[in-house]
Each structure stands twice: as C-alpha cells, then as structure tokens.
Amino acid sequence: MSQPPAGGAAASQTVLVVEDDDHVAALLRFLLDDAGYAVTHAPDGRAGLLLASSGRPDLIVMDLLLPYVDGFTMLARLRAAEPTADIPVLVLSGRSGGDDVAAARRAGASDCLTKPFDPDILLARIADLLSPAATARVDPQ
Amino acid sequence: MTGALAAATADVAVHVALLAGALALLAALLLGALTLLLRLRAARAERRARRVSDEWTPALVRVAAGRDSQPPALRRSDVPAAMLLFSQYAEALTGEAHRRLADLGREAGFETCALELLARSKSERMLGIMALGHIRASDHWPTLAELLWKRDLAVWLTAARALARLDPVTAVPVVARRLVARNDWHPAHLTRVLRLLPADAVAAKLAQELSVSPPDRIPALLRLIEASGSPACLPDLRRLAAVSSDSEALAGILRVMARFADPADAETARRCITHPHDGVRVQASTALGRFALHRDSALLIDRLSDAAWWVRQRAAQALVGAGRVSRADLERLSDLLPDPYARDALTAALAAAAHDASIGAEGHQVA
C-alpha cells in the first residue's frame, strides 16, 4: 500500500474523480480519501467539466468512456479552457489499446493507466503528478 | 321454421362471443398477474442487491485499500448478489489489491458457493466461473480447463479469463490451442482474455501454430496474432512470408506487419508490392506507408497506376499518410502524372487528408 505524500501535503490537495462505474468510483473515493486527498466525484463528462472549472481540483482522475461528454472531448475542453488548462489529468481507462493511450496523451492526458489497475501504482502516479516538480512540467496545450 | 333456425344461430353467435370475451378477460388477468409477479420479483432482487452492496462494499474497498476487514456473514439467498459484487470489484483491480480481495473471497466461502453455481443456469454458471478465477482457486484448474471445450462462447471466454487469472503462463498454451480451434470469436472479446495473458508468449505460441495449421486456418490465426498486440510473432511471420505461396496468407501477414510497423519487414512488403494478387498488393502498399521509408515512395508512386482501383487508393493513402513526401510535392506530382486514374487516386487521398485535418481543427475549436 502506497503511503500518502510526505509532509501531509495530501491534506490540502483535491482530486476530482470522473467515473461512471459506481464500483470503480467507490474504490477510487476510498483509496484517495484514505491517502489523505479531498475527493469530489462526477459520474459523467458533463458534470466532470463543471466540477473541474468550478472547483479547480489539483488533479483529475478520469475514465475515457463517459456518458454525455466522452473522455477525449473532455480532455480537449479541459486543455482549451484557461482555468483548467494546467490541471494534471490521469486517465484511468478500460480501453487497453495502445492507440487509445497514445490518443489520450495527445489529447492532453498527463499520465495513463488501464483497468484493471493496481491501487499502489495509481497512488504513486498521483503523488508523482502532484509533486512540485511535476506540476511545473505540466504544459497547457 | 326459418325464424326458429335464425334464433338458434343468433344464440350460438352470442354464446361464442361471450366465451371469447371471457377468455380474453382471463388472458388479460393472467398477463396482469404475471407482470405484477415479475415486477415484485425484480423489486425484491433490487432490494437484495442494494442491501448486499451496503453490507459488502465497505469491506471490499477497505480490503482493496490494504485495510483490515472481515467479510460479512453470507446468507445463502445473498450468494449470487454478493459474488457478483465481489467479481465487479475484483475485475477492476490487479496486483496486491486483487490478491487481498481473493483472500477475502475465500474467507467468505465463495469457493464452495462458486462450485455449486457451476451446476445451475448459464448466468449463475458464469458467475461461478468468474469467482473461481478471482479467488484464484488453483485446485479447480481441471474443472475450468474442461469448460474451454464448451460450445457456448460466453462460457468459453469466462473460463479462459478465469484460467488466465489462476496462472497466466500455464494458461497460454491451453487457451491458445482452444482459441485456434474456434472461429466464432470477435477481436473485442479476445482482447478481454488476451490482456490477462503475457502478450509476447501468446503471440509467439500462435505464430508457432502457423507452421502446423492448414492453409484455410491461417487467416483466422493471423487475426488472432494481430489481436494479441505483440510483435513477438514477427520472426515466425517473416519465415512464413518467405516460403508461402498462398495469397490470402501473404495478405494477412502483411496486414500484421503493417500493424507493428517494424522497418525490418520493409523488404517483405517491397517484394510483395508487385504480387499478381491485388489483395497482396493492397496490404503491401499499406505496409510500406506504415514503414514510412523515403526510398519506398517510388514504389508507391508506381502503384498509383495499378490495374486495381483499391491498390491505387491504398498506395495514394500510404503516400499521403507516410509524410515522407511533402504535401506540396505530392500536389505537384498529381499535376504531372500522365495516368488520369493515378491522378484521381492521389487527388482524392490529398483531399481526404485535408478534410480530416479540417475536421480535427474544427473539433479543437468547438472543444
């Protein structure tokens, strides 16, 4: 089990989970909450965009197959809008094809994982994306 | 006499009408009762699923996160709902978290329950198979391997996934052998099995099968190899391409080579670009486009004058898509081509590429 980021940094960091699968969403909420992050959840792409622009989370964890607004469109809109352009996005997708991962990265994903996923790896990647060095690397498109 | 006969006929008609009305009413009442019964059953199942979810979800997520938790007491009537919920969580996880869930499932008594479900309806049987895989019940490998001989594709796929979860390495030859013997699968189904197995081992095993399979099975095998997503098959494919005279096999091999785009395969594509069979020339043109080597542009330009329009079209798409010749140069080339068919093919490919680019730009603006 990965430890929460050192120095209690996670306590002040918020993560938006955009996931339509109730089970994966429950799992992510518990994992992130347990690691010390403040978690908000959106069950579809449209709600995800609203919460991202209104709540300005420190990081977004999102699926690609989402109702109303799909993951690729959501990524493009996040990157195109000034308030959300620099939020790191970790795509957690059930689509395992290499093409999808490459397309997600082109669309602006900071990192990609496929389901089934290892919670330890997920938390390590999130901690890495939220580290000061990674935040400085995010390049809005 | 005539009046009495008319009265009797009218009586019969009234009786028939009354009887038909009564039957219709009875049928309506029966349908209504059946609908009510089904709704009550669905509502009860939904209530049970919600209660099971409320009881089990906290334990499942805690265990997945590495926290201590005991499985709730398992009521007999809750077994399918609890096992489905357990499988849904297990399906999303891998690594240590999946192992911890497997331990919880065994502790809850899912192993015995899963074996009982194998003898029930198809949906319950699939649930049992899935659970045996997730709780990593290795003792039941022979039972699951036996299910690979079932004709039902859904049961087959579930059993293959369960075996892959029990032991991915040992599962490769077992699953691959049965996979080769069937032809009713779809690549989307296969991806769900193959992603649990070591892709290189699967591709290599399937490629070995190429040399011992009858020619009519080779196209299906090549589609399987493509679905494995691993280039580990390429050495075997090169060997087969060097000796094969079957045009369908050659076209399939070139399609797989184009998928993995290893420049080491460019020589095979060059050799096949003038093959007598147009299906081979089509795939060779696509492959040369994927390898995107500048020296092959001349070969693709030659194919713009191919006798088959689909070869001309693929060659033009390959030239435009490879990006080794600039758009301006291709437009100049299009103007200079003496063959009107070649000119049409290249112009159409250039226009399609420009259209795709404009859609992409519009999509970005809308976003």
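Between chain A and chain B, four residue pairs are in polar contact, both residues at pLDDT 80 or more; that term means a pair of N or O atoms within 3.5 Å, where within protein one must be able to donate a hydrogen and the other to accept it, and residues adjacent in sequence count only if both atoms are side-chain atoms. Helix H1 (22-34) and helix H3 (71-80) of chain A each supply at least two residues to the side of chain A that touches chain B. H1(A) gives the most, with seven residues. By type, that side has eleven nonpolar, three polar and four charged residues; Ala, Val, Leu, Ile, Met, Phe, Trp, Tyr, Cys and Pro count as nonpolar, Asp, Glu, Lys and Arg as charged, and the others, Gly among them, as polar.

A word on the source: this is a predicted model, where local features need pLDDT of at least 70, side-chain atom pairs count only at pLDDT 80 or more, and totals for chains, interfaces and linings use all residues. Residues are numbered from 1 along each chain as its sequence is written, chains are lettered from A and ligands numbered from 1 in the order in which they are written, and side-chain values use heavy atoms, with hydrogens and water left out.

Now the sheet in chain A: five strands, open, parallel, in the order S2-S1-S3-S4-S5. Strands here are DSSP runs of E, at least two residues, helices are runs of H or I, at least four, both numbered from the N terminus, and two strands pair if DSSP finds at least two bridges between them. At the edges are S2 (38-42) and S5 (111-114) of chain A, each pairing on one side only.
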